[in-house]
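Subject: Structure handover

Hello,

Here is the structure we talked about. Please load it and follow along; the findings come below.

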Amino acid sequence: MEYIAKVLGGAPVTTGEQASAKDNLYMHVNYEWLKTAKIPADKPAAGSFQDMDEDVEKRLIDDFKAYHDGKFEAPNSMFAEAMKMHALAIDFAGREDQGVKPLIPVIQPIQRLKMLNDLSKQLHNWVLNDLPLPFKIDVEPDWKDTSKNTVFMYGPDLILPDKTYYDKSRKDTPKLLKTWADMSQQLLELVGFESADAAQIVKEAMEFDRSLVPHVLTSEELADYPKQYNPKTLQEIRDYSHSFELDVMITKLVEDHPGKVIVTQPQYFEAFDEIVNDTTFKNLKSWMLTKTINKLAPYLKESIRQTADMFHRAVAGTKGSLTQPKFAYSVIDDTFKYVVGDYYGRKYFGEDAKKDATEMIKEMIGIYKHRLQNNDWLGDKTRAKAIFKLDKIAIKVGFPEKIKPVYQKLHVTTAEEGGTLLGNYVNIQKVCLKDNFEQFHKPVDRTEWDMPSQLVNACYDPSRNDITFPAAILEKPFYSLNQSHSKNFGGIGCVMGHEISHAFDNNGAHFDEYGNMVNWWTKDDAAHFAKLTQKMIDEFDGIPFAGGKVNGKLVVSENIADNGGMSCSLEALKQYSDADLKEFFTNWVTVWRMKASTAYKKMLLATDVHAPEELRGNVEPQNFEDFYETFDVHEGDGMWLDPSKRVQIW
């Protein structure tokens, strides 16, 4: 098998052979790994992130077993509840005996619907019972005043991962839709529907899905945050539908009359009467039924769980489903995410690492500040505001000081008490939904985290102006107290700079120091920034990948962040006497190594706001003179990019 990694600058594609760093840095560093790396049967990819994630899973799976074996006590009551849930999740034999019984009471309300008006009467209860509707609704911080919470309404999810999958030019679409239909048919029959009835339900569900496609946004469009902020009055919300009293539903959910509701996809709701009416009710009912069964089937007996994974395996290109221990872990990682995170962070993340990583972040912020102060294209007013925003960034490292209060409300009914995995899962979703709508009357808690500590990732939240680095990412190859400054800055240093840069990417630049969406740019500065953003779009747009082409607009914000992160991390490293830029760039492309199924690559290409890993590894270094000097790259070499095409923003 050949492994391909593309570079810019007119370089040839390197296939099936070791490359020099001058021709293809990604392949030069990762070729041997790519030859030998095995993609786990239950995963769509292998790579630095995935390998670290596997290590975290193994640690916690082993710890959960040790807990059940009586080798340690729960550190708090919430962890004890999580372990009750894990005991149910790992009890596959118990679910064999239960069959499909736990699902029946959940789908009965859908089956009892005779007409659209039956559903309209119980909309708010339907939401609180976590039953599907042709829209989504929740409470989040108001982007214009992030000290307060408000109601957001979103369009529904499609069967396929993105609207672009429905393009007739895609060759994989018919096969994926057939897989979904086959899976849904089998699940309906396993639950007790006659074959002919199941086939009709699937047909109607797919017809309803097709009716949604013209009106929802693509991943590219959803990546533009400001365009999603569309405040509407309750009267305007009411006018969207003659069938549903959407305004009444909202007032019941939050027990108040909000002055505004943020509609993220107004064009969808403007077509709502066309999509949802008495004529389409039958299709809607079938869509809700299949959606519910497909979602909850994994929590039933093993044969049904395997069947329910057919579509995911086809989309992601995985060869098998999660092993039973990994599935049980995933249930707890879903339902008790931050409880598990508290345990993981406190056990596996030391104070020395937290202190060192925090100092690195502060160092990166200092570098960023220096670069802003010496920026040659920002005006004084915008520069001052940018520096003020930088000074206000909240830093979150390792794990939160407290577990989110909602977890104190989660109580698991054990098997001995008559509880089932599916029943507890549904009840937990209900508690969390109710808690979310109760937040409407509470101020935003800026200390809350967007990521649990066992997650191998990092993030910037524009609505809170904070950066989060969970414990799980603060390990090799990204970071270690025992690896060189050069490797740390090529790994976690670039990630830190990346997250800081999100405060000033094409989305983050619309939010102020408190996360409020306001315009703090002068007209001239905004115009110049737009030109630089377009250069970044152009740099990646159209690069061939996985049988398709990179969408420069979809990935622009992450590329701006990568670019700024590398720029600042390079400057930070060069202040050290032992700086080794070869180690820096080598660890950068090590971090981004990935081997994935073709189906998974295609899905990411359509839906992921990040550029493909190979391109992140290869393209960003081509923008920096330090790279050319370090590896003695000249015109004619594969990694050479003409200076006029190189992009640097921050």
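The largest cavity has a volume of about 80 Å³. Please keep in mind that the model is predicted. The count of cavities of 30 Å³ or more comes to 3.

**Cavities**

Lining the largest cavity are F545, M594, K601, L604, L605, D608, H610, A611, P612, E613 and E614. Two elements give two or more residues to this lining: α27 (598-607) and α28 (613-619). Of these, α27 gives the most, with 3 residues. By class, the lining of the largest cavity holds 6 nonpolar, 1 polar and 4 charged residues.

The second largest cavity comes to about 60 Å³. Its lining is made of Y338, P400, K402, I403, K404, T447, E448 and W449. That splits into 4 nonpolar, 1 polar and 3 charged residues.

**The second largest pocket**

This one is open space. The second largest pocket holds about 660 Å³. It is lined by 31 residues, and the closest to its centre are D224, K227, N506, N507 and H510. At least two lining residues come from each of α10 (219-222), α13 (266-270), α24 (523-540) and α25. The most come from α24, which gives 6 residues. The lining of this pocket divides into 14 nonpolar, 12 polar and 5 charged residues.

**Helix pairs**

Helix α25 (residues 556-573) turns up again here, packed against helix α20 (residues 351-373). The angle is about 100°, and the axes are 9 Å apart. An angle of 65 to 115 degrees counts as roughly perpendicular, so α20 and α25 are roughly perpendicular to each other. On the α20 side, the contact is made by E363, M364, I367, Y368, H370 and R371. On the α25 side, it is made by G564, G565, S567, C568, S569, E571 and A572. The classes in this contact are 5 nonpolar, 5 polar and 3 charged.

Now take helix α8 (residues 173-191) and helix α15 (residues 281-296). Their axes come within 10 Å and cross at roughly 80°. From α8, the contact uses W180, M183, S184, L187, L188 and V191. From α15, it uses L289, T290, I293 and N294. The contact of α8 with α15 has 7 nonpolar and 3 polar residues, with no charged residues.

**A mostly covered helix**

How many of the residues of helix α12 (residues 246-254) are buried? The count is 7 of 9, so the helix is mostly covered. The buried residues are L246, D247, M249, I250, T251, L253 and V254. What do they pack against? Three of the partners are strands by label: β4 (136-142), β5 (145-154) and β7 (261-263). The others are the helices α7 (123-128), α11 (234-239) and α22 (421-438). After α12 comes E255, with a positive phi near 55°.

**Where to look in the viewer**

- For the second largest pocket, centre on D224, K227, N506, N507 and H510.
- For the helix pairs, view α20 with α25, then α8 with α15.

Best wishes

Notes:
Residues numbered from 1 in each chain as written. Predicted model: local features only at pLDDT ≥ 70, side-chain atom pairs only at ≥ 80, totals over all residues. Heavy atoms only, no water. 1 Å grid on protein atoms, 1.4 Å probe; cavity = no way out; pocket = protein on both sides within 12 Å on 5 of 7 lines; lining within 4 Å. Points joined across faces, edges and corners; volume = space filled by probe spheres on them. Helix = DSSP H or I, 4+ residues; strand = E, 2+ residues; numbered from the N terminus. Nonpolar A, V, L, I, M, F, W, Y, C, P; charged D, E, K, R; others polar. Buried < 20%, exposed > 50% of the residue type's maximum accessible area, 1.4 Å probe, protein only. Contact = heavy atoms within 4.5 Å. Axes fitted to C-alpha atoms, helices over the stretch in contact; angles between N-to-C directions. Parallel < 35°, antiparallel > 145°, perpendicular 65-115°, else oblique.
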